[in-house]
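Hi,

Here is the structure I promised to pass on. Have a look at it first, and my notes follow below.

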Amino acid sequence: MSVLEVSNLTKKFGKFTALDGVNFEVGSGEVFGFIGPNGAGKSTTIRVLLGILKATEGEVKLFGKDAWNEAVEIHKRLAYVPGDVNLWPNLTGGEVIDLFVKLRGGNNKSRREELIKKFDLDPTKKCRTYSKGNRQKVALIAAFSSDADLYILDEPTSGLDPLMEKVFQECVMDVKNRGKSVLLSSHILSEVEKLCDRVGIIRQGKIIETGSLSELRHLTRTHILVETKQSISSLNELQGIHKIEETDQGLTFQVDTEQLDDVIRHISQFGIEKLESAPPTLEDLFMRHYESKDKSEGKETGGVR
Amino acid sequence: MDQHSFANTGKLSRFILRLDRVKIPLWIMGLAMFTLVVPPAFDNLYKTQQERDAITETMANPAMTAMLGTGDLDNYTIGAMTAHQMIVMTAVIVGIMAVLLVTRHTRADEEDGRIEMIRSLPSGRLSYLNASLIVSSGTFIGLALVIGFGLYGLGIESMDLEGSLLYGAALGGTGFVFTGVTAIFAQLSESSRGTIGWSVAILLLAYLFRAITDISNEALSWISPLGWVSKAEVYSSNNWGSILLMLAVSILLFVVANYLNNIRDLEQGFIASKPGRRYASRLLQSPIGLAFRLQRTGFIAWAIGLFVLGASYGSIFGDLESFFEGNEMYQQMLQQAEGASIVEQFIPTLMIVISLIATIPPVMAMNKLRGEEKKERLEHLLSRAVSRTKLIGSYLIMAVVNGFVMISLSALGLWSAATTVMDTGLELGMVYSAALVFYPAMLVMIGIAAFLIGLLPMLTSLIWIYFIYSFFVLYLGNLMQIPDLVGKLSPFGHVPQVPIEDVTFMPLFLLSIIALGLMMISFVGFRKRDSKN
Ligand SMILES: Nc1ncnc2c1ncn2[C@@H]1O[C@H](COP(=O)(O)OP(=O)(O)OP(=O)(O)O)[C@@H](O)[C@H]1O
Ligand SMILES: [Mg+2]
């Protein structure tokens, strides 16, 4: 069952089309990664989901309810953390957390205390004096101490140090283990790779790829490092070979995953002494999609839409 | 707009009230004091009805009517006198209070991204707006009651309970109306500066419209909300119709604000911002250029506003002239006392008000430096090759030039309108010098603002308290005798009343020296201190 359904969502700001027919779903108990270059429309999508921007066209449903008309009902089951957390300069972090918790109506004091300790936040300081990371912690603590069914996180870790980043990842895993859903927009690909079951890639207001990581990996290249007895000839004549480089350890190159079989057959003729292969990182995948259209055109793979 | 649109409004109201728990009582106390000190002072000054009737002679002229509004001059009791001389000006201050309080918890919170957080929680689309409206309404009901019962409590014979409550209600009602006006501009404009700017412009327009219609066609004053204040005829016929009108209009305004909020996206407005230039113009490529660019719109708006203010006051000079021509007693009374022509004697009175208002934009221009610091934007400049001295210097120059332009434009406005409507005309040089004598006092105010920014950045807003003090003593000093010393504590208290008095060199020179000293100290202080936000 899906917790979140976006179909054919279009959002215009005046003449400018920020979102152009966006479609995706987030299933129950799923962590969905939402990625794309700057200005692609991630935050805009999220703000439509929150019912604070009104969709120009299309249907947006959370828990089967309309995002704009039934925002209040939806928000009782949802927690949100923005990338840029702005708080009341004269209130302390503790006061803000309590305000958010009170507006939601739940009350989970022990979780609040536990999270404050985990994130190492001093809740008695005025928000004016918090650093960016500390402001973000306030929003994260408020979000994770509530019993939501869906967590919407828009670049929630952009200001956190690596230690806190780890705490954040634990929180997400914890939420996931309790069967809740998460929509995570982030530029930190390793984080997405670690946490997300599925990802959606958005560019220029359009979703260009969605699927599980292994599905997406299929569309990309594997890194290969080989040493052979004889030097390999006519490698660059094969299909799907990229970035051939001679290094001290041997020859490195990348292979389109669908050509892997042919390539290995070819090089095995030269007497393999050493072979290392690395799975494509998400980064490779994204690089391919983030690069501007004219470059990637022609070899567009279609993909899982 | 179902009930969900308002979910959690109550909790948010309490929250906003908590945020403003110091600010609101301070405003109410300040306004109550401003109002309550006056009747006893009048009572002391004008003990008999004869004395009070005598003062009506100086009040019954177009200049006074334009400035203060209409009053019951035939039955000039202490109550009627207080209402006539105080209520419109106090209503203007109440209007400003409403604009500032409401902007803070509508557009300002939204612009800074705080409403986004609130809206992601189970609170309705309209909850924050209405919480803000509720707090503001409660504040003005409180103000009305405090002033109403306070005035009655003074125990002055002509100030009965009904009149006193009406006095409070007229002020509270004005607060309601401008709460509504501000709530609407908070929807229309995309920034808090825009919201304040537009709302204050409406307030100024309401004041000027009333000034002009009060002396030309009183019935038309019903169009201006500030006209309703005089039309309540407090302590004479006690017209509660005015209050009903205020309430009806504010409810209408509240509804419109809700409607507009409901149909728009968060952080958007209706007054569209247009795309800007691709490259920075030459002007922008220096700290002073940036300082100007950031305030350009406000600068232009204030410049127009002050010209119009000057011109509105100037436009009454025709009426003033013909009024005195037909009034022999006046001619005797005033002319034998002074050297200048009768009409010219009103210039200093008007100039005091004009110069005080003209002081607001340069002080704001100076305080912008602190505003930028608070938003941590100065770091972008300081981390590049811009010294702290250059930075504060840029803002100081901006403020000093700003003040000069403002006072000059208002003088020009007054002169050009007055000359057009008068038979004899006015001399530009005379009007201009009457305005310019206030410039050193304005410089002192700018100097104090700079001084606070340089040495006591957390206390920057003290300049406004000092400003209000100056306004208070000068405005009241105009109406009644207040101890000399009280007036002299404000730089404006040292300004000669040109053209009634001569331009005296010494006080102006000393004021300038003080201003210069303050500015120099501010440089040293600003260079030495840390950035604070
Ligand atoms: N209020 C607005 N008016 C006009 N255009 C807007 C508005 N808000 C967003 N946009 C535009 O919509 C596009 C999408 O913006 P959005 O903030 O959703 O990007 P994003 O994917 O979140 O980027 P980032 O990774 O930088 O956070 C951008 O081109 C942006 O300029
Ligand atoms: Mg974003």
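In chain B, the centres of domain 1 and domain 2, taken over C-alpha atoms, are 25 Å apart. Domain 1 of chain B covers 9-269 and domain 2 of chain B covers 283-533, with bounds from an automatic or database domain assignment. Each domain of chain B puts 29 residues into the contact (heavy atoms within 4.5 Å).

Before going on: this is a predicted model, where local features need pLDDT of at least 70 and side-chain atom pairs count only at pLDDT 80 or more, while totals for chains, interfaces and linings use all residues. Residues are numbered from 1 along each chain as its sequence is written, chains are lettered from A and ligands numbered from 1 in the order in which they are written, and side-chain values use heavy atoms, leaving out hydrogens and water.

Back to chain B: its domains 1 and 2 bury about 2,500 Å² between them, 77% of it on carbon and sulfur atoms (accessible area, 1.4 Å probe, lost on being put together and summed over both parts).

Now for ligand 1. It has 14 residues around it, and the closest are K42(A), S43(A), T44(A), H187(A) and Q268(B) (a heavy atom within 4 Å counts as near). The site is shared between chains, because residues from both A and B surround ligand 1. Oxygen atoms of ligand 1 come up in these pairs:

- N38(A): a polar side-chain atom at 2.9 Å from an oxygen atom of ligand 1
- G39(A): a polar backbone atom at 2.8 Å from an oxygen atom of ligand 1
- S43(A): a polar side-chain atom at 2.7 Å from an oxygen atom of ligand 1

Cheers

Definitions and conventions:
Buried area is the accessible area (1.4 Å probe) that two parts lose on being put together, summed over both. A polar contact is a pair of N or O atoms within 3.5 Å; within protein, one must be able to donate a hydrogen and the other to accept it, and residues adjacent in sequence count only if both atoms are side-chain atoms.
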